[in-house]
Every structure is written in structure tokens, then in C-alpha cells.
Amino acid sequence: MSRPWPDFRPGPLGALKAWWRRRVPRRADDITFVPPVSSHQHEFETPLPSAVYGLDFQVKLVVVWRLDLATGLRHNSPKNAAVHHVLQRAKEISGKAMLVHHAALQVQLGDELATERQVPGTHVWARAEQVKISTDEGDLEMARKHIELLRNSTFKLAERDVERAEIRYLRDEVLTDVGTATIWWLQRNGYQVEEAVRLSAHLAELVQIAQLEPTRHWAESLVSSVERALPELEDQHRKDLRQHLAKALSVYGGSRVAAEFADQVGLPAGEQHTNGHV
């Protein structure tokens, strides 16, 4: 008697294949993940700020976004929300980069912005593709000059710190009395005792001169007093100390006092603190 419906049961070979699939689990690397296709994209080009005010990168990218209606959230302009969100992410990264590092920035942005993220408070998920960073040649040259100025300023400050440290050492540890000064001279001149005796009068004069209270600017006296109160202060922290003092002076004495202090103690003009702000 024939069945009133078609027979869809697998044959012997089909049954064997189904049994084998149940017996042998599939490996994870056999499964290819296909990300959901985004239904919207928009090409956008705009400047991006660098670490130096006024010097900008130029970025060109494709903003890709999709809508997730299951969130229950809505936004009246999904495209603008997506573009704005991607640019905010880009600015957080570019704002810490120097213009000369544009090639590395392109790689970093291409990596970071490729990750899809939900725009906060909306049903929009956004990411970016095809990120291209370029720079204006004139801006790039200015960026190189800025770096050179920073480098020179750093070297000059380091030289001044070495000089000040040497002066403090001679005044506070060597030329304190004739005996200490004589021993210091002997150590650096091959222990020529007779010559040291002959120079003893001159060393005594140097000790007397070194111990005189020099007429110094109030800024130098302030820094010297604070440093004497902190004898264990490391050299790399002395610049930080001067910057904190300049900030305090700007709050309580105004920008003029802070500028005068910074000029006397060797702080670069760009690091002066005015009205309590850096």
C-alpha cells in the first residue's frame, strides 16, 4: 500500500553522512564568522587636531553604521550621530600625536576605529574604514621646527641645572672653610701638597667670597630656600618644583609676578602659569 505523502527519508548514504556528522564535532576554525553587513556608509574628510595647537592632520575616512531597533532607543539623525561619534574617537587619539608621526597615526586610527561601537544613548552602531591621514607640507615643517625648539629648550634647561648644581656644590660643600677647600684642591690636582700650601691664602679668600651673601633676585632666593628645605629632592623634580611655585605665584600675585619668576628661574615662556591655569 503506497503512502499518501512523498517519502523524504534519507537513503543509506544520507543516513551514514548524518550519523558521521553527529559523531564528529566541527572544529572552531572550520567556522567562518561573517559580520553583519552594515546598511549605511558615508565618506567624510576633515582636519584632526594634533598635540600642537594650530597644526592639524587631514583625515579622510568612510563612516559605516547600522541601526539596532531592538535597543528601544532612537536618534533623529543617525548619520550625524555616527560621524560625530567616530570623529570624537579619532580626536582623542590624534590630540596626543605630533604631526611628524602621521604615518603611525594612520595605522593606529585604522585599528582603533575599525571596532564597531554603539553611539551612547542611541540605536546607532558606528565604525570607520579606509582611514587615510595626510599633512600639509608647510604645517609639517612648522612641526619639525617646534620639535627642534623643544629639544633646544630641554638641553639649555639641563645645562642650567648642571651649572646651578655645581655652584651649589662649591658654595655649600667645598668652599665652606679653608680645610675643605684645600682637600678638594689636592684631590683634583694630584695631591701637590707644597703647591696647596702656597695657594692656601688664595683658597682662604675664595672661601670668604663664597660665603658672602650675594645680592640675588627674589625668585632665585625663593627657589633656593625651598630647595634647602628639601635636600633630598632629585634633580628631575626641581623643574616641577619651579612650575608649582610659578602656578602659586600666578594665583596669588597675578600673571606679571609669575612671568617675572619664570624668567628669572629659567622656565620657558610656554610653561608659565597664569591665573591658576597651565
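Reader: What makes Asp 161 and Arg 164 a salt bridge?

Author: This is a predicted model. In it, the closest N and O atoms of Asp 161 and Arg 164 are 3.8 Å apart. A salt bridge needs a side-chain nitrogen of Lys or Arg within 4 Å of a carboxyl oxygen of Asp or Glu. The pair meets that cut-off, so the name applies.

Reader: Where do Asp 161 and Arg 164 sit, and what separates them?

Author: Both are in helix 4, residues 137-174. They are three residues apart, so about one helical turn separates them.

Reader: Why is Asp 161 called partly exposed?

Author: Its relative accessibility is 24%. Buried means under 20%, and exposed means over 50%. Asp 161 falls in between, so it counts as partly exposed. Arg 164, with a relative accessible area of 25%, is partly exposed as well.

Reader: How do you know that Asp 161 forms a salt bridge with Arg 242?

Author: The closest N and O atoms of Asp 161 and Arg 242 are 3.5 Å apart. The cut-off is within 4 Å, so this pair qualifies. Asp 161 lies in helix 4 and Arg 242 in helix 9, residues 235-253. The pair therefore ties together parts that are 81 residues apart in sequence.

Reader: Is Arg 242 buried or exposed, and why?

Author: Arg 242 is buried.

Reader: What makes Glu 43 and Lys 60 a salt bridge?

Author: Their side chains meet at 3.6 Å, N to O. That is within 4 Å, so the pair counts.

Reader: Which parts does the pair of Glu 43 and Lys 60 tie together?

Author: Glu 43 lies in strand 1, residues 40-49, and Lys 60 in strand 2, residues 56-67. The pair therefore links parts that are 17 residues apart in sequence.

Reader: Why is Glu 43 called exposed?

Author: Glu 43 has 52% relative accessibility. Exposed means over 50%, so Glu 43 passes. Lys 60 has a relative accessible area of 37% and is partly exposed.

Reader: How many salt bridges does a search of the whole structure find?

Author: It finds eleven. Salt bridges also link Glu 137, Glu 141 and Arg 144 in a network.

Reader: Why is Leu 13 called exposed?

Author: The relative accessible area of Leu 13 is 56%. The cut-off is over 50%, so Leu 13 is exposed. Leu 13 is found in helix 1, residues 12-23. With Leu 16 and Trp 19, Leu 13 forms a nonpolar patch on the surface. Together they have about 330 Å² of accessible area.

Definitions and conventions. Residues numbered from 1 in each chain as written. Predicted model: local features only at pLDDT ≥ 70, side-chain atom pairs only at ≥ 80, totals over all residues. Heavy atoms only, no water. Patch = residues over 30% accessible without salt bridge, like charges linked within 9 Å, V, L, I, M, F, W, Y side chains within 5 Å. Areas by Shrake-Rupley, 256 points an atom, 1.4 Å probe, with all protein chains shown as cover. Helix = DSSP H or I, 4+ residues; strand = E, 2+ residues; numbered from the N terminus. Buried < 20%, exposed > 50% of the residue type's maximum accessible area, 1.4 Å probe, protein only.
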